[in-house]
Amino acid sequence: MSASIGAAVVKDPSLHLKPFTGFRNNTTPYSSTYSLLLDKRINPFTSSASPASIRAVSTPVKKEASAAETKRSKVEIFKEQSNYIRYPLNEELLTDAPNINEAATQLIKFHGSYQQYDRDERGGRSYSFMLRTKNPCGKVPNQLYLAMDDLADQFGIGTLRLTTRQTFQLHGVIKKNLKTVMSTIIKNMGSTLGACGDLNRNVLAPAAPYVRKDYLFAQETADNIAALLTPQSGFYYDMWVDGEQFMTAEPPQVVKARNDNSHGTNFPDSAEPIYGTQFLPRKFKIAVTVPTDNSVDLFTNDIGVVVVTDDNGDPQGFNIYVGGGMGRTHRVETTFPRLAEPLGYVPKEDILYAVKAIVVTQRENGRRDDRRYSRMKYLIDSWGIEKFRSVVEQYYGRKFESPRELPEWEFKSYLGWHEQGDGRLFCGLHVDSGRVKGVAKKTLREVIEKYNLNVRITPNQNIVLCDIRPSWKRPITVALAQSGLLPPTYVDPLNITAMACPALPLCPLAITEAERGIPDLLKRVRSVFEKVGLPYNESIVVRVTGCPNGCARPYMAELGLVGDGPNSYQIWLGGTPAQTSLARTFMNKVKIQDLEKVFEPLFYSWRLKRKSKESFGDFTNRVGFEKLEDIVGKWEGVPKSSSRYYLKLFTDKETYEAVDALARVENKSAHQLAIEVIRNYAASQQNGKSQ
């Protein structure tokens, strides 16, 4: 059965996690170590009427561990001994070795970097570092885009990657160049601080630069939440720009909310008032949006925030959702993807305090012994939403109101040309798997530089060019088309919504291909569509990841392919186009060469038995997996009578067969080859007119 928003994940009760009591008092097995961090702090669970004094120990005194002490993860120890994420990274960066040690490898994540090596190479490891920027709302100033483009060529592998969290990834930076690259990003209005690690990651918001009260307020809120949860101890600037600060002035409401300790949320004497020495148990993800706009995959986040407006469009407050998350581990049923569920409503002036209270609840109670269970979704699944809400309310200082009713959600890509609402235009461009490279990279650079454009990155790995004068539309369109950056009407609908993680060769967690494999996979899906008689304008949401961690959010896809072995995928079905339902495992260990044996019967059945306008995801949920498994098991091939020749494109069967023969030479379908020919012709005609 499909999971709906707010529904708990169905699991065997025998596998249910025991509630984790955190480190709230000195009776738990965790307290002998963790109480060092929380000595004499206000305990929101205490029955005492008066809270007495508030104090936090910012640098814990080491004590001998007792034999009964519950084991902590190594990462917790690394954080505790790091002097706020400095040591031993600061020393490791100075050595001549091409890599850094285990502790430094964990700490550099907080600075926005992962150590990697090329897994395609044999006979040794060529170490490099991936850098990830932090861009709330996906906003990238013109100056930063040009700097990132230069850095990719000078110190990276010549490409920029747009991520599913609206950031850049820069691959292939060697250790000796890290400080140069990091400092260049910082000095050009950018940052990588907190893009990785056990703290709040990049805050998502709709990338569309609409000049509308609700969109502007959502983006302002995302900026403020990002500022609220940014580390304060200065370790990032100490490491990369010798302590020089490049931070802009913060809004007073952010400073006030961060410093407020009226409900025992802070470490008052600590360099990190919200995070302390241990930061959070695991990564933490937040998205902000407006009603109907689910471009941000709202329900996959630890916190989802939705602007609520009055009849005049003026923002009044927020609905808050909690407990989403994608990561899981193969064959460990107690790990699972989960959708966020409603927590409540808060007035607009309280949002920072409510978010802070949720973060602190996770900080105090999230598991720190086993990182597989450290995300907030497991805390909520263990406690239940009512207990979680009650604890958050003690840190928040008031009760949550009931969530406001909202309209249906829909996915919005923002591709193509749109009016911003201020007399200017924006243009959304599809970028396959978010990889900006080759001629397209060069052309984007030229257009962005020539017209002094700011850009935004979307949660679907695409890019939006902003603030375009109407008179620039034609020359920009022509320049982009010549480099292969085409209007969405010329892009296969399957590609529009598809996503893949980088996976091999650089990701150390990848089990099989994702980004490098998805172009061929989408062609194969399109070929099966044609074979079973589905029209070209038909599409489904396809997402591919090289491992079960779910970076490309495959568990929300209508067809999710999750690497579970070399050249092998686990198939997930049941997500929906609006990203509001959780997919479920349909088949395991399907070899890449056998995918058509699953695709053909599923897509053929969908074409024959779907209800009017029924999406593939809704169809699989309605029919049920047992019936679909039976259909796949008994499949004998597409009946001859179901073939179609797409007479709208091919005027006769002979033309179709001739084009089909040529297409097969290039491992394409007749339709794909014909569309490419038409695209090239259209681009050449546009070029001729402009000249």
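1. Basis. Residues are numbered from 1 along each chain as its sequence is written, and side-chain values use heavy atoms, with hydrogens and water left out. The model is predicted: local features need pLDDT of at least 70, side-chain atom pairs count only at pLDDT 80 or more, and totals for chains, interfaces and linings use all residues.

2. A pocket here is an open set of points on a 1 Å grid over the protein atoms alone, where a 1.4 Å probe fits, with protein on both sides within 12 Å along at least five of seven lines.

3. Pocket lining. The lining has 43 residues; a lining residue has an atom within 4 Å of a point. His430, Val431, Asp432, Asn495 and Pro519 lie nearest the pocket's centre. By class the lining holds 22 nonpolar, 11 polar and 10 charged residues. Nonpolar means Ala, Val, Leu, Ile, Met, Phe, Trp, Tyr, Cys and Pro; charged means Asp, Glu, Lys and Arg; the others, Gly among them, are polar.

4. Elements at the pocket. At least two lining residues each come from β12 (435-436), α13 (438-450), α14 (473-482), α16 (518-532) and α21 (670-690). The largest share, 7 residues, is from α21. Helices (H or I, at least four residues) and strands (E, at least two) are DSSP runs, numbered from the N terminus.

5. α17 and α18. The axes of α17 (residues 595-609) and α18 (residues 616-623) come within 10 Å and cross at roughly 90 degrees. Axes are lines fitted to C-alpha atoms, for helices over the stretch in contact, and angles run from 0 to 180 degrees between N-to-C directions. The two helices are therefore roughly perpendicular (65 to 115 degrees). Leu602, Phe603, Ser605, Trp606 and Lys609 of α17 meet Phe616, Phe619 and Arg622 of α18, where contact means heavy atoms within 4.5 Å.

6. α11 and α12. Helices α11 (residues 376-383) and α12 (residues 385-396) pack at about 115 degrees, axes 6 Å apart. That makes this pair roughly perpendicular. Met376, Leu379, Ile380 and Trp383 of α11 touch Ile385, Lys387, Phe388 and Val391 of α12. The contact has 7 nonpolar, no polar and 1 charged residues.

Technical notes
Angles under 35 degrees count as roughly parallel, over 145 as roughly antiparallel, 65 to 115 as roughly perpendicular and the rest as oblique.
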